[in-house]
Amino acid sequence: MLFRSGLTGLQKLQAVFEAGGRLKSSRKALMVALLRPWYADANVLVRERVNRATIGLLTPLLAGILDEGRRDGTIRVTNPAATAAIVLAMFVASGDTTSRLFLDRLEGRIAFDDVTAAIGAFDEAIERILGLPAGSFRLMSDDLLRFWFG
């Protein structure tokens, strides 16, 4: 998918996030079982180390996609590598937020509309950072939102 010619940088960027969502969805029971222990106070250092490692490992891949999007005109950034690290930090933060929203939703503390608004705010922020048209990027499709939070 990432190495297919004919896809724009923006299409490849969207494909990366969609693939991550599909992977987690295919292992929903495991993901749900891990959430509470993962967010236990005792695991704060492990979470921080995993987050840093994730950003470090994925920054070169995302920088390449952003650079391709810069060259094809679908993404407007001046420094793809630095921007990739920022977007990945937001992705990590969105994952944390999404996980906590999921737990809140399981316990009936939050409405579906509140979830979509929170995730939509991340979409909008990423669009602005990358100079994308409004509504052109989604961390989670409507189908994934319903699958996890519906």
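Predicted model: local features only at pLDDT ≥ 70, side-chain atom pairs only at ≥ 80, totals over all residues.
Helix α5 passes helix α6 in a right-handed crossing. By class, the residues that join α5 to α6 are 5 nonpolar, 1 polar and 1 charged.

Two packed helices are described by the angle between their axes and the distance between the axes. Helix α5 covers residues 112-130 and helix α6 covers residues 142-149; their axes come within 11 Å and cross at roughly 135°. That angle makes α5 oblique to α6, because only angles over 145 degrees count as roughly antiparallel. On the α5 side, the residues that meet α6 are Phe-112, Val-115, Thr-116 and Ile-119. On the α6 side, the partners are Leu-145, Arg-146 and Phe-149.

Helix α5 also packs against helix α4. Here the axes come within 10 Å and cross at roughly 180°. The two helices, α4 and α5, are therefore roughly antiparallel to each other. The residues of this contact divide into 14 nonpolar, 4 polar and 1 charged. From α4, the residues in the contact include Ile-86, Val-87, Met-90, Ala-93 and Leu-101, along with Thr-83 and Arg-105. From α5, they include Phe-112, Val-115, Ile-119, Phe-122, Ile-126 and Leu-130. Phe-112, Val-115 and Ile-119 of α5 are also among the residues that meet α6.

Helix α4 itself can be checked for length. It runs over residues 80-106, which is 27 residues, and at 1.5 Å a residue it should span 39 Å. The C-alpha atoms at its ends are 38 Å apart, which agrees with that expectation. Just after α4, Gly-108 takes a positive phi of about 70°.

Ala-84 is placed in helix α4. Is Ala-84 buried or exposed? Its relative accessibility is 0%, so Ala-84 counts as buried. Leaving aside neighbours within four places in sequence, Ala-84 is in contact with Thr-59, Leu-62, Ala-63 and Leu-66. Ala-63 lies 21 residues from Ala-84 along the chain, and the C-alpha atoms of the two are separated by 5.1 Å.

Lys-12 belongs to helix α1, which covers residues 9-25. Lys-12 has a relative accessibility of 5% and so counts as buried, since buried means under 20% relative accessible area. Lys-12 and Gly-69 are 57 residues apart along the chain, yet their C-alpha atoms are separated by 8.7 Å.

Ser-136 is found in the loop between α5 and α6. With a relative accessible area of 24%, Ser-136 is partly exposed. Which residues does Ser-136 contact, leaving aside its neighbours within four places in sequence? They are Leu-10, Gln-14 and Glu-127. Ser-136 and Glu-124 are 12 residues apart in sequence and 9.1 Å apart in space, C-alpha to C-alpha.

Definitions and conventions:
Residues numbered from 1 in each chain as written. Heavy atoms only, no water. Helix = DSSP H or I, 4+ residues; strand = E, 2+ residues; numbered from the N terminus. Expected span 1.5 Å × (residues − 1). Axes fitted to C-alpha atoms, helices over the stretch in contact; angles between N-to-C directions. Parallel < 35°, antiparallel > 145°, perpendicular 65-115°, else oblique. Left-handed = near helix turned anticlockwise from the far one by under 90°. Contact = heavy atoms within 4.5 Å. Nonpolar A, V, L, I, M, F, W, Y, C, P; charged D, E, K, R; others polar. Buried < 20%, exposed > 50% of the residue type's maximum accessible area, 1.4 Å probe, protein only.
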